[in-house]
Amino acid sequence: MYLKNRKYIYAYVTSIALLLCSLWIGVSFGTVNIPLSTLWDKTTDPIAYSILWKIRMPRVILAAIVGASLAIAGAAFQGLLKNPLADPYTLGISSGASVGAVMTIFLGISIPFLGAFTLPVFSMAGAACTMVIVLSFARLVDRSMKMETLILTGIIFSSFLGSCISLMVALTGEELRAIIGWLLGSVSMRGWSYVNMILPFMIIGTSIIWFNRRELNAMIYGEERAQYLGVNVKRSKYMILAGGSILTGSAVAASGTIGFVGLVVPHMIRLLVGADHRHLLTLSFMNGASLLVICDLVSRTIISPVELPIGVITSFIGAPVFAYIFFKQRRKVVA
């Protein structure tokens, strides 16, 4: 018990230190390096102070929120579906959000009272509609809504919505660059307004999943055993799916499609500290935030002044890391 507690203490201390360090370097370093002291002293360099508070700080915080949202949603879906390859995009929620965003760009939709928020609002609406349709169809096929049914339903709708996106990309003209840029993911030039927009959804979605952490632990052993332990399996499924979908939809609406964060981070944390969701969710949340802040820093500095889409960086980092983890696990099973 002592060794187990010490393992968790090390994990929390390391994760907090990594998060603080990533926030510091994310704010301080870039095309222009700015000392952190400028945050509270604008008299030394008013221009640097303006860059920090109007551009750099909201960008870093948005990256942290998106990364944390995707990571905790991934951890919840992996636990619920009992599938380590599940991620926030498994159920097609991100495809629905992407269809809403791409349709907004493709059709040139702009609602006056929404202004710049027309795209993220339509994106979140697409995610919400997709969640309702996926859950309704899964329930129509199988009233007990088994995990296999949910996964297959998600794959069906994700493939269909992906075809819709491809069709709009094929038919588009001048909007092609904007669509591709959004699909590859970015937190550039979003500002505090996007942080304020996504923050309530992150709090709601995270709270829903956190309050179902014990139910996730029980469902690891199967739905029947969870019912014997007093878990309302159907209600818990709906709650966890709703929480994860809220997190995924809002993250995609704010930043576009960013892969591997929700897949790799929970998987690595599970390997290090185990599958207890009381710790797995919190540690995934912190490390997901750290990873995306670092990836965003790399995306804007690696070939400065040109910025790479953040989704490219997460894929470059995530794919080899996940391949290594998968290889090591398979070698253990064979041995």
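## Contacts, rings and a pocket

In this predicted model, Ile 179 touches Val 102, Ile 105, Val 169 and Thr 172, leaving aside residues up to four places away in sequence. Ile 179 belongs to helix 6, which covers residues 176-184. Its relative accessible area is 0%, so Ile 179 is buried, the cut-off being under 20%. Between Ile 179 and Arg 278 there are 39 Å in space, C-alpha to C-alpha, and 99 residues in sequence.

The structure has four aromatic pairs.

Phe 137 is partly exposed at 33% relative accessibility, whereas Phe 157 is buried at 18%. In the other pair, Trp 24 is partly exposed at 38%, and Phe 29 is partly exposed at 34%. Ring pairs also join Tyr 49, Trp 53 and Trp 192 into a cluster.

Arg 213 lies over the face of Trp 210, 4.0 Å from the ring centre, and the charged end of Arg 190 sits over the ring of Tyr 194, 5.7 Å from its centre.

The largest pocket has a volume of about 370 Å³. It is lined by 21 residues, and the closest to its centre are Leu 18, Val 265, Met 268, Ile 269 and Asn 287. Helix 11 gives the most to this lining, with seven residues. The lining of the largest pocket has 15 nonpolar residues, six polar and no charged.

Note on methods. Residues numbered from 1 in each chain as written. Predicted model: local features only at pLDDT ≥ 70, side-chain atom pairs only at ≥ 80, totals over all residues. Heavy atoms only, no water. 1 Å grid on protein atoms, 1.4 Å probe; cavity = no way out; pocket = protein on both sides within 12 Å on 5 of 7 lines; lining within 4 Å. Points joined across faces, edges and corners; volume = space filled by probe spheres on them. Helix = DSSP H or I, 4+ residues; strand = E, 2+ residues; numbered from the N terminus. Nonpolar A, V, L, I, M, F, W, Y, C, P; charged D, E, K, R; others polar. Buried < 20%, exposed > 50% of the residue type's maximum accessible area, 1.4 Å probe, protein only. Contact = heavy atoms within 4.5 Å. Phe/Tyr/Trp six-rings, centres within 6.5 Å; stacked < 30°, edge-to-face > 60°. Lys NZ or Arg CZ within 6 Å of the ring centre and 35° of its normal.
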